[in-house]
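Let us read a protein model together, feature by feature. Keep the sequence and the 3D view open.

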Amino acid sequence: KAIATHAANIEGNLADEGIELLLEIGNGGNAALQSMVVDHIANRDKDNKFLLHLKTRMNDSLDVINLRKDITVNGYVIMTHENRAEYTNAVRTLLLLKELCSNHCLECQNILRDQPSHGVSINLIELASTTLAVLCDTSHALKEMEDCELNLAIALLEFLTETIQGPCPRNQELLSGHDDFIAGVDKLMQSGFDPRIESLLKLSAKTSAVKHLASLLEGRVNKVVHKALAERVEPVLFDLLRGWITSLLHKEHENQTLSSFEIEQLEYISLTAMVAISTILKELQNEPVFMNKMEVVNKKKKKLTTDLLDDKVRVVEVLWNDRIECTSFPLPRDAEFLTEKTKAEFLLNADISTSDKRMKQLIAEAPVFMAEMEQIYSLTQSSAVYTFIHHNIVNIKWSMYALVVLLNLNIVMASYGEDSDEGYISIADGFFYGHVEDRYRFSLMISLILALLNLAGYIVIVSFLAITEVPIIIKQLDDYVQDCKDDVMMKEEQYRDFGAFTWWFVTLIFNIVFIIQHLANYPKNPNYGLYLFMVLGINLPWTLSCIRNYIVVPNTKPTRIFSVAYDVLVSKPFFRNHLLLMVCSINGFIASYYFPLMLMDIVNNSKVIANIAKNVTDNIVALGWVFYLFIVTIIIYAQFGLEYFEDFFVYSDDDEAVGCHSVVSCSWLIFYKGIPSGSLDGVLDTIDNRDTPTYIERVLFDLTFFVWVGVLLFNIITGLMVDGFGALREEDNERSDILDNTCFVCGFTRESYDDMPNFNGPAFDYHKSEEHDFWSYVDFYVYLKRKNKANLTGVESFVWSMLQTGNLAWIPVRDSAAIQESRDGEHDEDEHKEEEEAQLSKFIAKEVAGEVRSTIEAVTSKPTAAKDTTSKPWEGGASNLTMQQFLGWGGLERFAPTFNSKGFPDPTSLGDLSTLSDNMLVNDFGFNSTEIRRLKALVELRDANGSSVVRPRGLTVGGSSFNNPPSNNTRSSFFKV
């Protein structure tokens, strides 16, 4: 009310302050404010004073623009301070209007154009477009502009862009049909402006213009706007604009007059312009008028696109409003830092059986990918050393492994054992204690150098992995904690899971009871090493795992530190393995047997060995149960063997061989000598059936052990491993087949795609790798995640809202933009045929009607019988009704009906022809059957009540129809009717 009842453009008055307050409240798009404004305009402000005030402000701005143009008609004149203030006020007004429409508020977009509840509507959108058209009407006006005028042009374009995004179809059609406005936008994009205007401002203005054109094409369900722009816009304009942007970037990089922040802004705005150009070209590429213009441009230039566009802009296809929308976006600058190792791990571990599962996992992993990209990019920007290691990490790892091999070869050749004077026991022993002969000192020096190089290399690798992966883990945890805190449905009690300790208590009690039992049975011989293993080797790792599962949300500093340390060691095996290798490298100086352990680094470097290890780990549970069966078998045979064959247990074949006399000792004996061989030959003495009363029992005892252990259990292990390798190979082949012959995004198979009828679009490989490149969807997610949500376009807002709810309905399913264009082309062709048929029908009908009227005029000009208005001759069965009588009654005049907009006879203009039989037409009027059929094709026969009797399906002429248009000769013969 304050705005509506106070004068416009008076600085400091209540209306001016009210606008400033609304700007602050509505900053970034305030949905509540937008709803209240719409309600106020539609239901409360009956006199439309609020919009009238805004209109007055805009009209005042238009007056200021015209005054300025009069002043600069003969050349540039410095603008006064008062004029600048007026332009600033105009910009503030447009900013308010923009905020009212932000976040694609369709109600606001519509009500600023039309107010149905009021007698007279105020169209602020048309007024803004007119203002821009006046502001940019000539190249001279653009050349003489000052920065405040260009800021006004940008504000106008940004407001108008906000009124059409979402989209708002009626506003799109309104602006695309405004010739002067489009011409103004065209001139603004072409203008070089005056050198006094800063490069950044020039670029912003041109970018706003091309963004607006791209927004006009957004989300269209028909081609009305596409056709309008195709006729009004020249493709060479975009080519010139891209060339200008590229030249500007090169110039500013060479001059180095801008700060790093300004250069970053320049590059971002440039990419925004490139994205808009890419969108326009893709949207208009199927418009014949535009493509004809582009062909002319292509004849003059070999390539319309530029390297900058190809390298920095990506396109994804989005299913929006039941149509595939090609959405261009700037490639995130850190996209290249998503490592090939991470990509390969995702493709190896993800469930890619269906397109839905593939894309769900891809989007779910996108935050992880983004964290890695950000971290590596940040480190490469701050350290040249890190950049070198990042680009050469694979070569460094293989070089390190080569050093490990050389070190171990030297150690092997110099190791003779502790009791020998040859070689040396360890590097430390040789250097610090002098336990090495002079002839081995050179070998010792080689070992020292190689060991130091290995240690330095592993320190570098571990440090590299630590500064790369640890911050990623920290960021993921912090983001997860923040998401949990933001989730109003999640209570703080759910941050911990006490159920994680259920099995921990069972394990703890088991270990304690076992230790007590061992002490009870061996009071004089406690095995503290065994107890330590039970506590540290079994219970401690299990305890740490249970603690991590207990901490659902690490919302405190101690839980955060523990979770980070645990997750780094468990979820990052590459880092953990290299940390262990570094420990081995350090210990190797003291004990040489640590160096051979470093040869296991091949598991980290070789994909083949990694697959073998994966086969073991995948079957670890089954192998664990088989191992348990071995333990059970050992205990059973030790118990029965001690009971029945105690005297036969031996540790060797010597005469003074020592046997076993307890289940435990017999179990260790069987475990040591029986299990590896798969038989009891090395555990029990052989027997002779002549002097052994338990011969049969021994045969059964030994044979069952051999069959159960040597045949079944070992074959079970072999079968598990063979099946595992087979399953891995089959899975690998299936995975490769899916990735090669199925579109990761939409699920189209190569066979189905290639067999589509009436489709001559791009090949399947291009569709899979370019149109639906799934890594581009990761980049699109990153782009949306980082972008200011108030600046999202309509399609971007739609996708982001779907991502927030985990809905993947925006991803095309067995469809693409190229396939859609093919369908649209067929539909347009059918519509074109229908239009031609309608025109042909109208033309034929008019020709016939003209001939009929001429005949009527010619015949009725002769003396005819008087009309009988009470009775009709043919109703009484008359057989000699002449053509002259029929014409005299005016019957033939009924064949000259009026025509509707589509060119067909209007049924309501036809007379009662139901009583006019075919026999009458043949016998009384001389019509033949062909002529009767042609007449029925033009008219609709009705009965006396006006109900339809016959509705011909189509105009049939000489066996032809509109689905198969008649030849010229046939058409001419038809005119004779």
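This is a predicted model: local features need pLDDT of at least 70, side-chain atom pairs count only at pLDDT 80 or more; totals for chains, interfaces and linings use all residues.

Q: How many of the residues are buried, as a percentage?
A: Of the 977 residues in the protein chain, 44% are buried. The accessible surface is about 51,700 Å², and carbon and sulfur atoms supply 57% of that.

Q: How do I read the contacts in the protein chain?
A: Look at separation in sequence. Among contacts with a separation of 6 or more, 69% join residues 24 or more positions apart.

Q: Is Thr279 buried or exposed?
A: Thr279 counts as buried because its relative accessibility is 15%, and the cut-off for buried is under 20%. Thr279 sits in helix 14, residues 260-284. Leaving out residues up to four places away in sequence, Thr279 touches Ala214 and Ser328.

Q: Which parts does the salt bridge between Glu264 and Arg333 tie together?
A: The N to O distance in this salt bridge is 3.4 Å. Glu264 lies in helix 14 and Arg333 in the loop between strand 2 and helix 17, so the bridge ties parts 69 residues apart in sequence. Glu264 is partly exposed, at 41% relative accessibility.

Q: Are Lys787 and Glu796 buried or exposed?
A: Both Lys787 and Glu796 are buried. They form a salt bridge, with the closest N and O atoms 2.8 Å apart.

Q: Which residues are linked in a network of salt bridges?
A: Arg68, Arg84, Glu146, Asp147 and Glu149 are linked this way.

Q: Which residues form the nonpolar patch on the surface?
A: Leu629, Val699, Leu703, Phe706, Val707, Trp708, Leu712 and Ile716 form it, with about 620 Å² of accessible area together. Helix 30 gives the largest share, seven residues. Leu712 is in helix 30 and is partly exposed, at 41% relative accessible area.

Q: Where does negative charge gather?
A: Glu730, Glu734, Asp737 and Asp740 make a negative patch on the surface. Asp737 is in helix 30, residues 695-741. Asp737 is partly exposed, with a relative accessible area of 42%.

Note on methods. Residues are numbered from 1 along each chain as its sequence is written. Side-chain values use heavy atoms; hydrogens and water are left out. Patches are made of residues with over 30% relative accessible area and no salt bridge: like charges are joined within 9 Å, nonpolar side chains (Val, Leu, Ile, Met, Phe, Trp, Tyr) within 5 Å. Accessible areas come from the Shrake-Rupley method with a 1.4 Å probe; for residues, only the protein chains shown count as cover. A salt bridge is a side-chain nitrogen of Lys or Arg within 4 Å of a carboxyl oxygen of Asp or Glu. Lys and Arg count as positive and Asp and Glu as negative; His and the chain ends are not counted. The place of a charge is taken as NZ of Lys, CZ of Arg, CG of Asp or CD of Glu. Helices (H or I, at least four residues) and strands (E, at least two) are DSSP runs, numbered from the N terminus. Buried means under 20% relative accessible area, exposed over 50%, partly exposed in between (1.4 Å probe, protein chains only). Contact means heavy atoms within 4.5 Å.
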